[in-house]
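This briefing is meant to be read alongside the sequence and the coordinates. Its points are grouped by topic, so that each can be checked in a viewer in turn.

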Amino acid sequence: MDTITLSPHPFSALNLNMMLVIYLIAITAEAMSGALAAGRRRMDIFGVAVIASVTALGGGTIRDVILGNYPIGWTQHPEYLYIVLSAGLITVLVARYMHHLKQIFLVLDALGLVAFSVIGCTIALGLNYTTAVVIIAGMLTGISGGVVRDVLCNQVPIVFRRELYASVSLFVCVLFLILKSFGLGENITMLVCFTGGVTFRLLAIRFHWRLPVFSYDSRWE
Amino acid sequence: MDTITLSPHPFSALNLNMMLVIYLIAITAEAMSGALAAGRRRMDIFGVAVIASVTALGGGTIRDVILGNYPIGWTQHPEYLYIVLSAGLITVLVARYMHHLKQIFLVLDALGLVAFSVIGCTIALGLNYTTAVVIIAGMLTGISGGVVRDVLCNQVPIVFRRELYASVSLFVCVLFLILKSFGLGENITMLVCFTGGVTFRLLAIRFHWRLPVFSYDSRWE
Amino acid sequence: MDTITLSPHPFSALNLNMMLVIYLIAITAEAMSGALAAGRRRMDIFGVAVIASVTALGGGTIRDVILGNYPIGWTQHPEYLYIVLSAGLITVLVARYMHHLKQIFLVLDALGLVAFSVIGCTIALGLNYTTAVVIIAGMLTGISGGVVRDVLCNQVPIVFRRELYASVSLFVCVLFLILKSFGLGENITMLVCFTGGVTFRLLAIRFHWRLPVFSYDSRWE
């Protein structure tokens with residue numbers, strides 16, 4: 001693995017190999033969630049491939065477009081595309097048995113959410129954006145792939161309605177920036193972010209933590 | 001207010017302070033309309049914050065991405081984000097009473113539409129795009145935030161079906177370019193655009209002016 | 001026609017005039033399909049204009065944004081906009097009689113799909129992207145305009161569910177790259193791509209060829 005370089009990715013300043021492994025797990029998990037969403041809409045194999053790719057790589061793409069961070073990450077790393085497409089198509093084959101893996105899947109998805117958030121923050125920091133934009137870059141990376149997935153599947157994005165997911169991303173981004181400002185080492189920063197973020201996410205699922213809902217009644221109009 | 005600079009915004013050539021005030025009113029009104037749309041879909045607080053932000057700042061973002069106008073406006077002005085997020089969350093608290101404010105809200109929204117259109121034109125002019133692209137940039141700024149809001153709320157964009165809204169933006173953009181080509185002073189140009197645009201919009205609402213509808217019957221297929 | 005220049009388009013390396021004619025046919029056919037989709041949703045004339053434009057020019061726009069290929073094509077060629085808007089509005093007038101033209105329309109649409117795919121590949125090649133990205137650029141150009149059309153019309157994109165369409169684009173992109181790698185002349189490459197692609201598409205429609213569908217049953221969850 002030593003010969004893999006991720007430039008123009010920002011991992012050079014992080015623990016490169018660990019982050020790469022977690023990133024690959026993250027895009028795989030996201031691609032699988034995309035493939036399942038496509039299957040619920042009875043899409044064909046091409047639709048599955050597109051939704052899997054968009055879910056896994058769309059968040060980073062939107063972040064890069066908004067930050068003006070060209071060339072966009074995956075265009076320099078076709079291997080990410082192959083991983084994502086493979087994950088999507090394998091999901092089709094094993095979908096019938098995936099409920100056995102549901103617990104593992106939720107953990108991988110939580111790992112991915114944290115990894116995406118940290119990566120997004122790191123890239124925006126490297127481009128010298130201000131703190132608010134850095135946090136938004138982290139959240140865009142973590143969440144917007146799933147938003148586009150849901151828009152393409154013609155439903156209101158789950159992330160705007162379900163258990164804490166975006167909140168976990170926000171928490172991780174803020175935590176990451178605080179730890180960095182304290183000058184903590186990379187390894188400790190990563191360890192705290194992943195432990196804190198994954199724990200927060202899994203507790204939110206377990207106990208159905210939700211944000212308050214805003215229900216606007218049209219009778220008020 | 002004298003110390004506020006809006007570069008790389010184009011207002012240096014306009015009446016800076018007045019445009020800034022109107023711009024802030026505009027993004028506030030748009031954020032509130034986004035928050036109400038989120039409430040109609042029973043989104044949680046995070047969904048409200050996202051829809052409010054996208055409605056207020058999405059049009060300018062899409063314009064900047066299409067024109068290649070980096071860095072994108074709001075990334076250099078986190079204060080816009082704070083205003084938009086605050087407006088969205090305050091809307092949640094006062095939504096029950098907002099029908100009392102409906103008339104004011106419509107006027108603010110019309111002001112915002114004109115301001116967005118003029119700003120979009122000005123930015124595209126500054127980048128030396130041709131007239132057709134300048135007009136599209138104005139309309140994108142005025143309208144596309146609301147389009148993304150409606151897509152995220154899983155409905156056909158209102159602007160494609162309701163009273164004249166896009167037409168007002170088109171009218172303002174063309175008026176703005178004509179007045180500019182006549183070499184009129186900035187103050188008069190702005191005054192005419194705002195008076196004309198807001199009047200047009202309010203008359204359209206009052207008298208239910210609509211564009212003709214194209215209804216394509218599938219029996220014809 | 002000799003005085004028309006398409007730079008920064010890539011046609012200088014291709015048979016310029018033929019490609020230009022086919023490109024104009026392609027955006028016209030796409031604009032008409034967009035206008036009909038808008039009519040099925042009973043949009044107003046402005047909605048028709050937007051959906052026609054987005055369907056015809058949206059694919060190229062998304063490709064250029066993702067590749068960082070600025071300025072975006074149509075911003076340098078307002079005449080494309082006028083063609084697309086005219087095609088959309090004429091469609092409104094003749095919609096009632098369009099079923100008589102259905103066969104011709106399908107052929108034009110197939111021609112457009114091939115043209116868009118080849119153009120997308122050529123642009124990405126010119127920017128030195130790798131093969132996988134070149135193919136994706138071709139498919140984005142061919143397909144994503146229709147995807148945005150369907151999202152704005154609030155339906156699951158047809159291309160993810162119907163007869164082979166994306167597959168034709170993929171086939172054309174791969175064929176184009178293979179022929180180019182053999183060093184075949186431009187004219188022969190184009191001829192083979194168009195003949196092969198259009199034939200494939202029309203056979204797929206005629207015999208209802210489809211990709212296998214992935215139907216994920218929520219009982220499995």
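Which residue takes a positive phi just after H7(B)? In this predicted model, that residue is His208(B), whose phi is about 55°.

**Helix H7 of chain B**

- The buried residues of H7(B) are Thr189(B), Met190(B), Cys193(B), Gly197(B), Val198(B), Phe200(B) and Arg201(B); they cover an arc of only 160° around the axis, which puts them on the same side of H7(B).
- Helix H4 (102–126) and helix H6 (166–181) of chain B are included in what covers these buried residues of H7(B).
- On the face of H7(B) turned away from the buried side are the exposed residues Asn187(B), Ile188(B), Thr195(B), Thr199(B) and Arg206(B).

**Backbone details**

- His208(B), in the segment after H7 of chain B, has a positive phi although it is a residue other than glycine, and it is exposed, with 9 other C-beta atoms within 10 Å.
- Asn128(C), a residue other than glycine, also has a positive phi, near 65°; it lies in the loop between helix H4 (102–126) and H5 of chain C and is exposed, with 9 other C-beta atoms within 10 Å.
- In chain A, the peptide bond from Tyr70(A) to Pro71(A) is cis, with omega near -10°, and Pro71(A) is found in the loop between helix H2 (45–67) and helix H3 (78–94).
- In chain B, a cis peptide bond with omega of about -5° joins Tyr70(B) and Pro71(B), and Pro71(B) has its place in the loop between H2 and helix H3 (78–94).

**Contacts between chains**

- The contact between chains C and A takes 26 residues from chain C and 29 residues from chain A, and helix H2 (45–67), helix H5 (131–152) and helix H6 (166–181) of chain C each supply at least two residues of the side that touches chain A.
- The largest share of that side of chain C, three residues, comes from H5(C), and by class the side divides into 16 nonpolar, seven polar and three charged residues.
- Between chains B and C, 26 residues of chain B are in contact with 29 residues of chain C; on the side of chain B that touches chain C, H5(B) gives the most, with three residues, and the classes there are 16 nonpolar, seven polar and three charged.

**Symmetry**

- Chain B is superposed on chain C by a rotation of 120° with 0.0 Å of shift along its axis, at an RMSD of 0.0 Å, and the two copies are therefore related as by a three-fold rotation axis.
- Asn154(B) comes closest to the rotation axis of the residues of chain B, with its C-alpha at 3.8 Å.
- Only 12% of the interface residues of chain B are also interface residues in chain C, so the copies meet through different surfaces.

**Nonpolar core**

- The largest nonpolar core holds 226 residues, of which Ile51(A), Ile51(B) and Ile51(C) touch the most other members.
- Not counting residues up to four places away in sequence, Ile51(A) touches residues including Gly34(A), Ala35(A), Met43(A), Arg149(A) and Leu152(A).

Technical notes
Residues numbered from 1 in each chain as written. Chains lettered and ligands numbered in written order. Predicted model: local features only at pLDDT ≥ 70, side-chain atom pairs only at ≥ 80, totals over all residues. Contact = placed C-beta atoms within 7 Å. Helix = DSSP H or I, 4+ residues; strand = E, 2+ residues; numbered from the N terminus. Nonpolar A, V, L, I, M, F, W, Y, C, P; charged D, E, K, R; others polar. Least-squares fit on C-alpha atoms with pLDDT ≥ 70 in both. Core = buried A, V, L, I, M, F, W, Y, C linked by C-beta atoms within 7 Å. Buried ≥ 20, exposed ≤ 12 C-beta atoms within 10 Å, placed from the backbone. Arc of directions from axis to C-beta.
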